[in-house]
Amino acid sequence: AKQRTSEADKLGLTAKDIIDLPVDYGANSFVSTSTLTQWNAPNLQTSGTFKPVYDSIALLDDTTYIEKVDSEDSNFYNQIESVKEAIARYGAVTLSFTANQSLYTAKYYNSEDGSERIGEHIANIVGWDDTISKDLYTKPATLDGGWIIKNSWGDGFHEAGYFYMSYDSFIYDVWGYDFVSTDKYENNYYYDGINQPVGGYSSKTFGDKFGVIFPTLRSTEENKEKLKAISVGIKGNDVTVDVQIYTNVDANLADPKNLSNNPENGKLATSTKQTFKYPGYHTIQLPKTIELDPNSNFAVVITLSNPNNDAEILLSYEDESVNDMTFFTTTTGWQNTKIEHKGYTDLVARIKAFTTTKESIDDNQNGEDNTSTNKGPSTTLIIGATAGAIGGGIVIGSAIGATVFVRKKKIKKAK
């Protein structure tokens, strides 16, 4: 175990977090996505070089998460359409699936073919082709068509590194990523320094309203720091995120668990809301840029809602960190999420705040209302997307940008 370094978190708010894995440890898509939210990646890979490099070439702006595509699920066909929608939006998406021995030589792969299991694997879906015969796969599928997969094994496998995967294959943890230029923001405020996902809990135990209090760390009288956007990790579909920003918050930073700490104990500077169709980490631009006074505190307050009443915030389990100022509301007021509540303790809300000391202000930060339904920002950088095609298939997306060529055919249920 070791502490996070100033390279990994330049503001030092997670400096006392004790981690069991290196900051750059991949492990699974949840861990790697959390690393992206902290701006410790992505980085350009040099062949044979695998070492931590904390200066990202781009900043994560938005994600979409799709839990699974399961042919035995009653929602199977909608799951396929959701992944297609994500590919069209992001250019490529990552997926996890079971790799069997047959994958080494397969051009048309079905993970349900019964061959010897190698293990779980992550790759990219770069498109789909609904004209592929279901009989071509390593096990005949129930549906025509399939995903176009860009694997990481090199050009010597499959067909120049690409293969088809049948829709029958069970896939899970599908992620799409949007990135923005590194000059859009300078500082990333957060307390969730532990990247491992937390299982066996529901944030509904804490309710629907959460808050974080941050000390302003980069502001001077001559050049005040400017709060431009916030980020939050959520579960649930069609989730509306209500955001309130408070400045000059009176807080006891030395004693985060002090019951006097209240994220709303300041001046309401702005508010906005946005609705997201899918779970994931989402960035919300504020309707106006907020100037932060030196030596002051500011707070982000989040309230979640959705039609199914199952919206949740993502939490990090941090039993050895000591300075986390994240809170939830109780019947008696605000309480730190690390204080025991209904059997849960040492949890930290995955809420972040993005600031800059630069003078430039985005066009959408002019004081106008920012209430909207998220239909997907323009993609500026796709990590892992590749232009090209296999045979008669269709690849959606490109290495940079989001040029989309779509030939889509609705999947019909097998009789």
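Mentor: Phe157 has a relative accessible area of 29%, so it counts as partly exposed. On this scale, buried means under 20% relative accessible area, exposed means over 50%, and partly exposed is in between, with a 1.4 Å probe and protein chains only. Before we go on, a word on the model: it is predicted, so local features need pLDDT of at least 70 and side-chain atom pairs count only at pLDDT 80 or more, while totals for chains, interfaces and linings use all residues. Residues are numbered from 1 along each chain as its sequence is written, and side-chain values use heavy atoms, with hydrogens and water left out.

The pLDDT is the predictor's confidence in each residue, from 0 to 100. Its mean for the protein is 84, with 81% of the residues at 70 or more. Residues 363–415 have a pLDDT below 50, and this stretch makes 140 contacts in the model beyond near neighbours in sequence; a contact means heavy atoms within 4.5 Å. Where pLDDT is low, the predicted coordinates should not be read in detail.

Back to our ring. The structure holds 26 aromatic pairs. One of them joins Tyr104 and Phe157: their ring centres are 6.3 Å apart and their planes meet at 45°, so this pair is tilted. It links distant parts of the chain, since Tyr104 is in the loop between strand 4 (93–100) and strand 5 (108–109), and Phe157 is in the loop between strand 7 (146–150) and strand 8 (162–166), 53 residues apart. For the terms, rings of Phe, Tyr and Trp (its six-membered ring) pair if their centres lie within 6.5 Å; planes under 30 degrees apart are stacked, over 60 edge-to-face, and the rest tilted. Helices (H or I, at least four residues) and strands (E, at least two) are DSSP runs, numbered from the N terminus. Tyr104 is also partly exposed, at 35% relative accessible area.

Most residues other than glycine have a negative phi, and most peptide bonds are trans. His158 counts as buried because its relative accessibility is 18%.

Ile148 has its place in strand 7 and is buried, with a relative accessible area of 0%. Ile148 and Met165 are 17 residues apart in sequence, and their C-alpha atoms are 6.6 Å apart in space. Lys150 lies over the face of Tyr162, 5.8 Å from the ring centre. A charge sits over a ring if NZ of Lys or CZ of Arg is within 6 Å of the ring centre and within 35 degrees of the ring normal. Another such arrangement has the charged end of Lys352 over the ring of Tyr190, at 5.3 Å from its centre. Elsewhere, Phe30, Tyr65, Trp175, Tyr177, Phe179 and Tyr281 form one aromatic cluster.

Aromatic residues also turn up in the strand pairing. Strand 11 (residues 209–215) is mostly covered, with 6 of its 7 residues buried. Strand 11 runs antiparallel to strand 16 (residues 297–305), and 7 bridges join them; two strands pair if DSSP finds at least two bridges between them. In this pairing, Phe214 stands opposite Phe298 in strand 16. Strand 11 also pairs with strand 19 in the antiparallel sense, over 3 bridges, where Phe210 stands opposite Phe328 and Gly211 opposite Phe327. From strand 19, a hairpin leads through 2 residues to strand 20. Strand 19 and strand 20 (residues 333–336) pair antiparallel over 4 bridges, with Thr330 opposite Gly333.

Ser321 sits in the loop between strand 18 (315–317) and strand 19 (326–330), and at 6% relative accessibility it is buried. Its side chain makes a polar contact of 3.2 Å with the side chain of Glu318, and another of 2.4 Å with that of Asp324. A polar contact is a pair of N or O atoms within 3.5 Å; within protein, one must be able to donate a hydrogen and the other to accept it, and residues adjacent in sequence count only if both atoms are side-chain atoms. Leaving aside residues up to four places away in sequence, Ser321 touches Lys16, Asp17 and Lys338.
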